[in-house]
Amino acid sequence: MIARLGRSIRARLALFASVAMALLCLTTSSALLWMVYNTTVDIHTQDAAGTTLTVAHLVRESELALLAHLDVRGVQVVDPHGQVVSATSDLAGGPRLTTAAPPPGTMNRVVHACDLPYLSGGCHIVAIYRVYQPDGDWLVYAFRHRPPWYASPGAIAFLILASGALVVLTSYGVSHVVAKTLAPVNRITGKLAEITAGGGGMRVPVPENADEIRALAETANRTLARLEDAMEQQRRFASDASHDLRSPITAMRAEVEEALLAPGESDWQEVGGKLLTSLDRLQNIVTDLLTLAKLDAGAPARLGPVDLSELVTAEVARPRTKDVRVSVQPGVVVTGDRLRLARLLTNLLDNAERHAERAVAVIVRRDGEAVLEVLDDGAGIAPEHREMVFRRFTRLDASRSRDAGGTGLGLPIAREIARTHGGTLRIEDSHTGARFVLRMPVREE
């Protein structure tokens, strides 16, 4: 499809350039023909006028008999009585060809006359010179053929051939240049077709030159790189999610099968408890997956004023296995969805509680923006792993990766909630343990 479009564009551009060149050649040829025509007419006019001067001298000197010996043609001499008294050999014995004369008081005149007898068809340039003699005014006529509008057959043939050659060269040149320009696009198109068909790496060739197409290829490669990363993350997410869903299901199946092997000897209450534990984990994973799906889909939030200090006070009041220390600055209000922000805080507290040695600290303060910090006194997270823990179902070599109490989705959910509220959630440096910092815009009343 793209290849056909490229050929269509090339043909259209070549046609457009050819038409433009044809119009340019037509305009230029017309101007040249007009210039050549005018120049030729001027030459013929000057020649006729010069001839009349030569013959006029013969009239003054009464030497018209010498006219037959001059190398001139198309000349008539008319006496004051209007009679042709002398002419060149081509007009000898013919009548007066024209009665045109210079205006009174002037000596010369040039006129154009057509279909004159004794002369070949077409129009002629007639130069007229008045000679003042004692017996009256004599008139000397010199006739020259007026060239056609195309000046000469050779000129028109040359211009037609030159114009045709320029149109053909323009068409070929534009087609060649466009084809060469679109060649990288065709290669990119072919590579994209291979990628669509599932073959080859997810990169398109980058041309050495052609800055615009090079920028297009580099942009496409960046897009493909992000797409490849997203696909890889999606595959990894699907693999990890299926593994995490399969683990509690496998555990429940093993418990049930073991109990069924000896139903009379099995403690069904203990089996039920183990099954409930696996079901709780399975339910937590499914709930977190649904939450992430809603956040990814951009589900609308119920926005309103939320006092972070009050929210933290309410959440830490629930029983915890570790000591939770709270330091809040009152009146830190943000605009957000209270339920989602409570989920964010709960996820951070649950994560800190699982990895703390003895205590968890929660701090709320205002520093140009609303800041919420959750710290634990555990082993901490290496700087190179601080972004990795926010990936879904991420496993780290350290003990913080996941334990039996986590689903591997709590921190990704917390960061996604922060992002939907126009905030950020990062792990920042601390003297001990991990320090999660949420920053959000403060609500101005």
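I began with burial: buried residues make up 37% of the 445 residues in the protein. Buried here means under 20% relative accessible area, exposed means over 50%, and partly exposed lies in between (1.4 Å probe, protein chains only). The model is predicted, so I kept in mind that local features need pLDDT of at least 70 and side-chain atom pairs count only at pLDDT 80 or more, while totals for chains, interfaces and linings use all residues. Residues are numbered from 1 along each chain as its sequence is written, and side-chain values use heavy atoms, with hydrogens and water left out.

**Entry 1. Overall content**

I looked up the secondary structure and found 7 helices and 12 strands. Helices (H or I, at least four residues) and strands (E, at least two) are DSSP runs, numbered from the N terminus. I then turned to contacts, where contact means heavy atoms within 4.5 Å. Among contacts between residues at least 6 apart in sequence, 60% join residues at least 24 apart.

I traced an open sheet of 5 strands in the order 2-1-5-4-3, with antiparallel pairing. Two strands count as paired if DSSP finds at least two bridges between them. Strand 2 (84-87) and strand 3 stand at the edges with a single partner strand each, so one side of each has no neighbour in the sheet. On average, neighbouring strands of this sheet are turned by 25° against each other, direction ignored. For such angles, axes are lines fitted to C-alpha atoms, for helices over the stretch in contact, and angles run from 0 to 180 degrees between N-to-C directions.

I went through strand 4 (residues 123-133) in more detail. Of its 11 residues, 9 are buried. Strand 4 is joined to strand 5 (residues 136-145) by 10 bridges, and the two run antiparallel. They form a hairpin with 2 residues between them, and Q133 stands opposite G136 in strand 5. Strand 3 (residues 108-114) is also antiparallel to strand 4, with 7 bridges joining them. I noted that A113 stands opposite H124 in strand 4.

**Entry 2. The disulfide**

How many disulfides does the structure hold? I found 1 disulfide, taking the term as a pair of cysteine sulfur atoms within 2.5 Å. C114 and C123 form it, with their sulfur atoms 1.8 Å apart. The torsion about their S-S bond is about 95°, so the disulfide is right-handed. C123 in strand 4 is also the bridge partner of C114. Are the two cysteines buried or exposed? C114 is partly exposed, with a relative accessible area of 40%, whereas C123 counts as buried at 17%. I also checked C25, which counts as buried at 7% relative accessibility.

**Entry 3. Helix 4**

I compared the span of helix 4 (268-296) with expectation, which is 1.5 Å times one less than the number of residues. The 29 residues of helix 4 should span 42 Å, and the end C-alpha atoms are 41 Å apart, which agrees. Buried residues in helix 4 include V271, L275, S278, L282, I285, D288 and T291. Just after helix 4, G298 takes a positive phi of about 75°.

**Entry 4. The mixed sheet and its helices**

I traced an open sheet of 5 strands with the order 7-9-10-12-11 and mixed pairing. Its edge strands are strand 7 (323-328) and strand 11, each pairing on one side only. Neighbouring strands of this sheet are turned by 15° against each other on average, direction ignored.

Strand 11 and strand 12 run antiparallel and are joined by 5 bridges. L425 stands opposite L438 in strand 12. Helix 7 packs on the sheet, touching strand 11 and strand 12, and its direction makes about 130° with that of strand 11. Helix 6 lies across strand 9, strand 10, strand 11 and strand 12, at about 25° to strand 10.

**Entry 5. Nonpolar cores**

I looked for nonpolar cores, meaning sets of buried Ala, Val, Leu, Ile, Met, Phe, Trp, Tyr and Cys residues joined through side-chain atoms within 4.5 Å. Which residues have the most contacts inside the largest core? They are L348, L425 and F436, in a core of 41 residues. Elements that each supply at least two residues of this core include helix 4, helix 6, helix 7, strand 11 and strand 12. Helix 6 gives the largest share, 7 residues.

I listed the contacts of L425, leaving aside its neighbours within four places in sequence: among them are L348, F390, A414, A418 and F436. A second, separate core has 15 residues, including V55, L64, V77 and A127.
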